Amino acid sequence: MTSTISSEGLWDRFRGMLSRGPTAYGFLGLYAAVCSWLLITNPRTSLSTDVVFVLLLLLLLFIYRSQVALPFRVGLVAILLGVIIPYFGTLNPFYIDVATQAGIFVALALGLNVVVGFAGLLDLGFVAFFAVGAYFWGILSTTQIAAFNPAWGPVPPILFYPFILLGLLLGAITGVLLGLPVLRLRGDYLAIVTLGFGEVIRVLANNLDRPINITNGSQGIRDIERPPLIFTDFVRGTLGWQLDDQQLYQQFFYFVVLLIVLVTVVIVSRLKLSRIGRAWEAIREDETAAIAQGIPLVRTKLLAFAVGASFAGAMGVVFASKQLFINPPTFDLLRSINILAMVILGGMGSIPGVILGAVLVTLLDLQLLPRTAAVLRDLQKSGVPIPEAFDPTQYQRLFFGLLLILMMIFRPSGIMPDERHKGELSEVAATRSRGRGEQDQQGGSEA
Amino acid sequence: MALLELQNVHTYYGKIHALKGISVTVEKGEIVTLIGSNGAGKSTTLRTISGLLAPRQGEVSFKGRRIDKTPPHEIVKLGIAQSPEGRRIFPRLTVLENLEMGAYLHSTHSATYREDLERVFTLFPRLRERVAQKGGTLSGGEQQMLAIGRALMTRPELLLLDEPSMGLAPVLVEQIFEIVQMINAQGVTVLLVEQNALQALMIAHRGYVLQTGQIVLTDSAQVLRANEMVQKAYLGLE
Amino acid sequence: MALLEAKNITKTFGGLTAVNDVTLSVEQGRIISVIGPNGAGKTTFFNMLTGIYKPDKGTITFDGKSIAGRKPNDIAALGIRRTFQNIRLFNNMTVLENVLVGMHTHLHAPFWQILTKLGGVQREEAEARKRARERLAYVGLDAQREELAKNLPYGDQRRLEIARALAGEPRLILLDEPTAGMNPQETDAATLLIQRLRDELKLTVVLIEHDMRLVMSISERISVLDYGTKIAEGDAQVIRSNPRVIEAYLGKGAAGAAAGPSVA
Amino acid sequence: MAAEANTQAPLPSGQRSTAEVLRTVFGPVVQLFLFIIGSAVTLGLIVVLLALLQIGTRPDILTRTLTILPQVWIDGMVRGFLFATIALGYTMVYGVLEFINFAHGEIFMVGGVAGAAVGLFLANNELLKGMNGFFFVLLVVGVAMAVSGTLAVTVERVAYRPLRGAPRLVPLISAIGVSLVLQDLVRLMMTNSDLGFNARFNTPDFGKPIRLFEMTLGERPVPVILSPKALIFIVASIVMLVVLNYLVNATRLGKAIRATAQDMPTASLMGINVNRIVAMTFLIGGALGGAAGALFGLNVGTVNPYMGFIPGLKAFTAAVLGGIGNITGAMVGGVVLGFLEAFVASYLSLFTDGALSGAAYADIAAFSILILILIFRPSGLLGEATTQKV
């Protein structure tokens, strides 16, 4: 007993040293320097590089949690995200792609977090808004546009930038259109209806090649335009970096995504602390009491839907342009659940938590599973009895499913929970194995 | 040996320490009342006895048998019935079906079932008038009668009554307390939790006063009625 | 003219008439009580006043405007606020935030201001916090403002519900069993608070209550509901001696003693 | 008071007469048949009307509409009973725990796979050829019920029971997790066995399709065919529905289930072991889902690990359509939805002259119905309107 207490004390003191005072500056600086040096001197894709890359991302978390001066923290993060990772990206394109993907999902997860975490509306079809944005740019920037009028040609690629805003708007409109009819529904009904909506969008994408070919059906849309790079001359000429187009585009999308993520974080955290955020929270807590305070239920929920969906719509445009190719299976239910898993893993309602969740799930998807698959293949070769057909990259459902179940049972509030949700969900443990309904039932009929 | 005995019982709701070492005894044939303000732990005590909550520490025994780890449906079989707080009628079952649920452990074909039913209808003639009505459509007073009747259908030796007068019109409160006395006269031991301390102490033999999860006073009902602190805090007498 | 006027309102739920042709008018600055046995339709009546149910028949006017069938949030915005029989706080929000939510209809900073933190939004927010703390201080909860609502003791939760209702700067406040589950001491404190609401804040109060001591001591007028119908109306004296009320509600023993503690 | 009591009708006894039992058991079945006939007739009239509207531009449309109508009816019945049997599982669990057992579609799928495994085993051991068809169906359905029932109980124990009392979304998310895990676990097992991803459902020869009658429309006679497998499906479903109705409405277990559904802690105060009742509910719902899966596989001919998802979703829609928590409602909802889908699937292509694929838009139709129902009649066709208590 006593030993654990003193070791805890030691651990706390150790953590304190790393997060406060001069030791913290030294620790964070050294950590950043070592990781960066390791990455840049050894950029080959390998297990060790994976580890260093993850450690570098973890550093961001440490910086967030530390209590050193704000300018130092901001500066360090800016160097890491703005210089180290992009530079490393020119040496090894794989990792910057991982970072870009992670960024896309961070924005999506933050959007879903507004709906699920803030307003408490479980949306299982969130990817539909992402699809709408992606198809929007996909159709209008390619020859698919001829479906509407044979005389029309694709929009000029430079319009990519305003189209991000249009995607935002379109996402919001779609969110409102879906929300209008269904937001009167109770929580679990809403979940199923949104799931149905997600499926409907996918089925439409799959079938709207007839009678007029709008989405090109299951073939998907190819050769989606990327915006012209306006800074090519600057990079190649002034800076003298000899990067090919592919590398330039990677850098470009990395920074676009980073920018959108930053804007998203600012917007989401301001909303959270405003009268709107409080209204969402009140609705999540008790709809009847909220409406009795004069909060218009449907309008407030619609706003959550619209805000959440708008991020997805904007990211859809970026995603389509980055991938060059989209097809219906990209936007299936699994993707929605993927994003939901990010929100839940990180902690519903908690902005840093959701960012962490999104990064972790993306890493799991893009790094951990393939890496495990490689390890398993090696084991199979050396004669360990693992079923031939078992390839972890093929069993994402299994892993996400397990993740969801285990999180719900053992840590329903997520890794970095929002204080509120923590309270709400810690009651799970308390009421476990006893009958339900202690709080929610009343007898009597004051009819 | 006491019929029911609680020794140093500690019960928690999650992290909240609701009962902080409560010891209560109830002898056969008594009416014992627990009084105290909201949140003092009165209902928690009853729920701990009936098994809806498990004590983290301490012992509950009934007729000499430990029951603190027994699930509620087993405790009912031993002869403890509870009329829960808020009455908790099955709203979509009829009055008769609600009573049948009370007799779940006994066969509805047996003669004793008919006797039990007759006893309930004699105590509560109103229920006989409403046998076919859905529980949810009864008035508050009728629901309370049904809740007590349903508990009696389990043929209890000990009846736990949780706030039977809550939210009832004054006229009904009197009736309910009279009936509790009648039930007791028929040989059923009663442990009564009441907000309406005055009425409860009028019919009880003994009482316990709870404050924030602890028993601060226990004595015969008569003595408690005369106690200055009780008068001031719970009886509204100045 | 009366501040609130409910005329001949009726509500049925699938064949069961919960409120039957009830008329009630409340003048500015009064404390009015609605009493009656459980299931008599009192809460249903409140729910119609606050827009949760739409009356099947009848009219409700508040301050000259018809409100029957309007949405609860619109009615709240007009200046009718309420508390609930089973306390309904935002349990996982702090005490202060609960009151801030109560102010929702008085905060108007537009969306773009919230996103940009430009314009008057920060001033409005600071002002709201100040006012919220005043409300909390009024009911005596300012010290607990950072606690989660669910961690408050029962009596404080009831007071917080009142503070939240006050935050909407209502003209009429409806209290649904404000002293349910309170011991006599707490009840006395609550009685005092209700009187202060009227005397100091010039509020009009309608309450549903079972505690006859409270009802008889502070209400200027009492309406008695039984089986959804209004069976009597008048001041405490009239109600106490009304044979129908005695039969349906008070009981012979309690009627005489309703002024003081009842001894059966 | 005493005098009042004496004027009462004779003391009601706890026993029900046989007639009463028969009424509670078969009443819903009769109601179900009324809905079947109602949907068939209504939808039939609608398509005929639509055909008449188009007759000016396409003279053969009425004949073509009428030609396929009986077949669409049969298809509607099969789909309807499919949804109904799965929907029962949703509705029972919802009734007791008030939560959507999202994984129920996978329980259905497991039943189908278990059935296919039995078929494969019999075929591998040369037992299938001479086997009596009736016995085969009994065996396959029995195994599927046992496997799916056990699985459902296990899932409840592992993934739902620890979450009882948590906010509503918590068990729902856990259920989504279970659903994903089951899909991939079964895939893993299937691809590593002789079944393969798309497993054939081996059956003995059930004989030729039954020619119900022939219609003479235009020049040539059109036979109306009912495949024996579809017939098995319909008959087996009806038997299951009747048995379930008896179980829930006329037995002590059913009474306990209803009480547990309404108020769990209070039910335990009546001496009901609520954990056992919840497990029983999952067992019954799971077994029904498993049976539906086996019958479905048998009818369609193949099974795969993802086949439960869409029918599961539709069945949920059916449960909501009928009024979730209401057993008769689930059956009615299933049948109505089945008919609707069959009509959309068959007639959409016909009326749009092939421009829109009926099969794809049947899904959209189902979800649109779900949304419409929830908006305009949230308590479903047979659900009781529940007013919120404040």
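Reply: D:Lys255 is buried, with a relative accessible area of 16%; buried means under 20%, exposed over 50% and partly exposed in between, with a 1.4 Å probe and protein chains only. Please keep in mind that this is a predicted model, in which local features need pLDDT of at least 70 and side-chain atom pairs count only at pLDDT 80 or more, while totals for chains, interfaces and linings use all residues. Residues are numbered from 1 along each chain as its sequence is written, chains are lettered from A and ligands numbered from 1 in the order in which they are written, and side-chain values use heavy atoms, leaving out hydrogens and water.

The lysine belongs to helix 8 (residues 252–262) of chain D. Helices (H or I, at least four residues) and strands (E, at least two) are DSSP runs, numbered from the N terminus. Setting aside residues up to four places away in sequence, D:Lys255 touches B:Glu100, B:Met101, B:Thr108 and D:Val248, where contact means heavy atoms within 4.5 Å.

From here we can follow D:Val248, which is also in contact with D:Ile327. Again leaving out neighbours within four places in sequence, D:Ile327 meets D:Leu88, D:Thr91, D:Met92 and D:Leu244 as well. D:Ile327 sits in helix 12 of chain D and counts as buried at 14% relative accessibility. For a sense of scale, its C-alpha atom is separated by 26 Å from that of D:Lys229, 98 residues away along the chain.

A:Phe319 lies in helix 13 (residues 297–323) of chain A and A:Phe331 in the loop between helix 13 and helix 14 (333–346), so the pair ties together parts that are 12 residues apart in sequence. Both A:Phe319 and A:Phe331 are buried.

D:Tyr347 and D:Phe351, by contrast, are stacked, with 5.7 Å between centres and 20° between planes. They lie four residues apart in helix 12 (residues 327–351) of chain D, about one turn of the helix. D:Tyr347 is buried at a relative accessible area of 2%, and D:Phe351 also counts as buried, at 13%.

Back to chain B, which supplies contacts to our lysine through B:Glu100, B:Met101 and B:Thr108. Chain B has 10 helices and 10 strands. Its radius of gyration is 17 Å, close to the 18 Å that the globule rule gives for 238 residues, so chain B is as compact as a globular protein of that length; the radius is taken over C-alpha atoms, and the rule is 2.2 Å times the number of residues to the power 0.38. Along the principal axes, the C-alpha atoms of chain B fill a box of roughly 45 × 40 × 35 Å. Of its 238 residues, 62% count as buried. Among contacts between residues at least 6 apart in sequence, 67% join residues at least 24 apart.

Now to its strands, where two strands pair if DSSP finds at least two bridges between them. In chain B, strand 1 (residues 4–13) runs antiparallel to strand 2 (residues 16–26), joined by eight bridges, and B:Leu4 stands opposite B:Val26. The hairpin of these strands has two residues between them, and B:Gly14 takes a positive phi near 60° there. Strand 1 is also joined by five bridges to strand 4 (residues 57–62), again antiparallel, with B:Leu6 and B:Val60 as bridge partners.

One more backbone detail in chain B deserves a glance. Most residues other than glycine have a negative phi. B:Thr212 has a positive phi near 35°; this threonine lies in the loop between strand 9 (206–211) and strand 10 (214–220) of chain B. At 54% relative accessibility, B:Thr212 counts as exposed, whereas D:Lys255, where we began, is buried.

Key:
Rings of Phe, Tyr and Trp (its six-membered ring) pair if their centres lie within 6.5 Å; planes under 30 degrees apart count as stacked, over 60 as edge-to-face and the rest as tilted.
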